[in-house]
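Here's a quick briefing to read with the structure open beside you.

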Amino acid sequence: MSTVINSPEERHIAMSVGTGSTAEIIGGAAVIVLTILGLANVAPGLMFAVATIAIGIAILFEGGSVAVEYSQLVNRTADNTLQTVELGSGMTIEMAAGIAGIVLGVLSLLGIVPLILTASAVIVYGVALMLSSGMTLRMNDLKFEETADTHPRAQKLAHEAINASVGTQILIGLSASVLGILALVGVAPAVLVLVALLAIGASLLLSGGAVGGRILSMFRR
């Protein structure tokens with residue numbers, strides 16, 4: 001039997017998780033479409049450049065969303081310096097990776113060594129996915145620890161969804177980094193870059209869906 005969230009407080013918790021995933025879902029879906037078209041040989045150079053920019057925008061918006069949540073958590077975690085540093089570094093990594101990826105994607109779109117730049121962006125994204133996974137897990141743990149006693153169902157279900165998405169994020173980040181390195185050394189660079197971008201797009205889509213969609217689907221009006 002499925003669990004239903006009924007109380008206004010539980011709904012607020014679930015909605016706060018779901019709304020932060022919108023950029024990931026939209027960006028991930030767009031990247032999947034673009035990379036599939038590229039793999040089908042429909043203007044592949046254009047597709048992987050635009051997909052690179054789309055991922056950067058999605059990660060940057062996600063980093064901005066995390067920054068808002070982070071600012072609210074700082075006061076409550078100020079007594080734990082380790083937690084505060086971990087959250088801040090993860091947020092910085094996401095935003096820096098998003099900006100770097102957008103710049104590399106735009107330069108690639110302008111025709112400046114596109115394969116090298118997009119392969120480099122893939123590596124940046126892959127590393128960012130791996131390094132920011134701990135921040136994502138810890139931030140959400142902190143948020144739900146505060147409501148564990150009064151809202152156990154929402155806390156437990158959200159925690160399970162986040163754990164699953166973080167594990168997938170680490171695996172895809174590692175795979176994308178390896179593919180990006182292989183592309184840089186000249187092993188079928190166009191195909192590997194597109195495959196890596198497709199994997200990252202799927203990661204964004206799955207991450208947003210796991211954290212947002214699974215919780216929102218529990219609402220019954």
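The notes below go from the whole chain down to single residues.

Keep in mind that this is a predicted model. The chain is built from seven helices and has zero strands. Of its 221 residues, 46% count as buried.

**Overall layout**
- Reading from the N terminus, the elements go α-α-α-α-α-α-α.
- Take the contacts between residues at least 6 apart in sequence: 83% of them join residues at least 24 apart.

**The nonpolar core**
- The largest nonpolar core contains 26 residues. Ile-55, Val-122, Tyr-125, Val-193, Leu-197 and Ile-200 have the most contacts inside this core.
- Which helices each supply at least two residues of this core? They are H2 (22–39), H3, H5 (114–145), H6 (152–184) and H7 (189–216).
- As background, nonpolar side chains tend to be buried together in soluble globular proteins.

**Thr-52, a buried threonine**
- Thr-52 sits in helix H3, which covers residues 44–77.
- Is Thr-52 buried or exposed? Thr-52 counts as buried because its relative accessible area is 0%, and the cut-off for buried is under 20%.
- A polar atom of the Thr-52 side chain lies 2.6 Å from the backbone oxygen of Phe-48.
- Setting aside neighbours within four places in sequence, Thr-52 is in contact with Gly-101, Gly-105, Thr-118, Ala-121, Tyr-125 and Leu-197. Two names there, Tyr-125 and Leu-197, also come up among the core residues with the most contacts.

**Helix H2 and what comes after**
- The 18 residues of H2 should span 26 Å at 1.5 Å a residue, and the end C-alpha atoms are 26 Å apart, so the two values agree.
- The buried residues of H2 are Glu-24, Gly-27, Gly-28, Val-31, Ile-32, Leu-34, Thr-35 and Gly-38.
- For reading that list, remember that an α-helix has 3.6 residues a turn, so residues three or four places apart point the same way.
- Just after H2, Asn-41 has a positive phi of about 70°.
- Ala-43, in the loop between H2 and H3, also has a positive phi, near 45°. With a relative accessible area of 38%, Ala-43 is partly exposed.

**The H4–H5 loop**
- Ile-112 is in the loop between helix H4 (81–109) and H5. Its relative accessibility is 42%, so Ile-112 counts as partly exposed.
- Beyond residues up to four places away in sequence, Ile-112 touches Leu-107 and Leu-117.
- Val-113 belongs to the loop between H4 and H5 and comes in at 44% relative accessibility, which makes Val-113 partly exposed.
- Val-113 isn't a glycine, yet its phi is positive, at about 30°.
- For context, most residues other than glycine have a negative phi.

**The H6–H7 loop**
- Val-187 is found in the loop between H6 and H7.
- Val-187 is partly exposed, since its relative accessibility is 41%.
- Not counting residues up to four places away in sequence, Val-187 touches Leu-182 and Leu-192.

Key
Residues are numbered from 1 along each chain as its sequence is written. This is a predicted model: local features need pLDDT of at least 70, side-chain atom pairs count only at pLDDT 80 or more; totals for chains, interfaces and linings use all residues. Side-chain values use heavy atoms; hydrogens and water are left out. Helices (H or I, at least four residues) and strands (E, at least two) are DSSP runs, numbered from the N terminus. Buried means under 20% relative accessible area, exposed over 50%, partly exposed in between (1.4 Å probe, protein chains only). A polar contact is a pair of N or O atoms within 3.5 Å; within protein, one must be able to donate a hydrogen and the other to accept it, and residues adjacent in sequence count only if both atoms are side-chain atoms. Contact means heavy atoms within 4.5 Å. A nonpolar core is a set of buried Ala, Val, Leu, Ile, Met, Phe, Trp, Tyr and Cys residues joined through side-chain atoms within 4.5 Å. The expected span of a helix is 1.5 Å times one less than its number of residues.
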